[in-house]
Amino acid sequence: MKYYMVDAFAEKIFEGNPAGVCVLDQWVPDHLMQDIATENNLSETAFTVKETDGYHLRWFTPGGEIDLCGHATLGTAYILFRFYEQEAEKITFHTKGGQLVVTRTDDLLEMDFPAYVLSQIPVTDEMTTAIGTRPLEAWMGRDLVCVLENEEQVYAACPDQEKVRNLDGLLLHITTRGEKYDCVSRTFAPKMGVVEDAVCGSGHCHMIPLWANKLNKDKLIARQASKRGGTLYCRRDGNRIRMAGTAVLYSSAELYVDDFSEEDFTDEHK
């Protein structure tokens with residue numbers, strides 16, 4: 001099995017968010033994809049198979065499959081453009097989160113993602129003790145988004161992972177208005193076996209609509225304030241988010257995991 005490791009939303013290696021990318025000739029059993037993701041121990045490993053009208057794409061975290069992932073989509077598109085679809089200008093992915101299109105735009109790869117609908121919810125003591133500071137606001141989509149007072153609180157936060165695990169929402173995002181950037185954020189995903197996601201694309205499908213409304217602008221430059229860091233060039237387009245960035249190849253390898261039985265397949269993967 002061909003395997004690549006890509007730093008997404010990065011301009012050089014050791015920045016951005018590392019993603020595993022497996023390019024398959026045909027689907028392998030779900031448990032094998034999960035084992036590979038667990039072995040890789042990255043926030044996401046992507047698996048893709050070519051179809052007549054694009055590619056089918058799935059993402060696995062060490063803790064299970066997820067319905068949307070930005071950085072691993074960017075990483076997968078980068079690999080396909082570089083090695084498999086060198087003449088293509090766009091790639092269409094079919095995913096559990098719907099159809100996703102990645103387009104080459106100048107020096108960037110631009111992704112077209114659905115925006116999450118957020119509902120404001122009360123700030124709770126549980127959020128405060130989990131994060132270590134009291135949020136100004138809290139919003140819920142698939143994930144929990146907590147707005148903090150300033151950048152210093154975002155950079156300095158050291159959330160209690162077990163208490164974060166007990167909060168509602170799949171992931172926790174903490175965010176604030178930026179000084180150099182329109183917004184800055186960090187993402188924590190202990191429910192998915194990920195302490196901190198270095199750069200989270202699906203998180204920005206929550207936060208870009210929020211900040212677009214707050215700042216009354218549709219084009220935003222966002223910064224993920226993790227230790228590795230990453231920059232996302234985003235644009236709200238109705239109920240979609242255009243999200244662009246760069247990626248770099250860290251490694252390529254062959255995974256020796258092809259010894260599986262045909263009876264392991266389910267009907268949906270045949």
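The legends below walk through close-up views of a predicted model.

Local features here need pLDDT of at least 70 and side-chain atom pairs count only at pLDDT 80 or more, while totals for chains, interfaces and linings use all residues. Residues are numbered from 1 along each chain as its sequence is written, and side-chain values use heavy atoms, leaving out hydrogens and water.

**View 1. Asp125 in helix α3.** Asp125 belongs to helix α3, residues 125–131 (helices are DSSP runs of H or I with at least four residues, strands runs of E with at least two, numbered from the N terminus). Asp125 is exposed, at 52% relative accessible area (exposed is over 50%, buried under 20%, partly exposed in between, with a 1.4 Å probe and protein chains only). Look also for Val23: its C-alpha atom lies 45 Å from that of Asp125, and the two residues are 102 apart along the chain.

View 2. With a relative accessibility of 42%, Tyr250 is partly exposed.

**View 3. The largest nonpolar core.** This core holds 55 residues, and Phe9, Trp59, Phe93 and Met243 have the most contacts inside it (a nonpolar core is a set of buried Ala, Val, Leu, Ile, Met, Phe, Trp, Tyr and Cys residues joined through side-chain atoms within 4.5 Å). Apart from this core lies another of 18 residues, including Met140, Cys146, Leu172 and Phe188.

**View 4. The surroundings of Phe93.** Leaving aside residues up to four places away in sequence, Phe93 touches residues including Thr48, Tyr55, Leu57 and Val102 (contact means heavy atoms within 4.5 Å).
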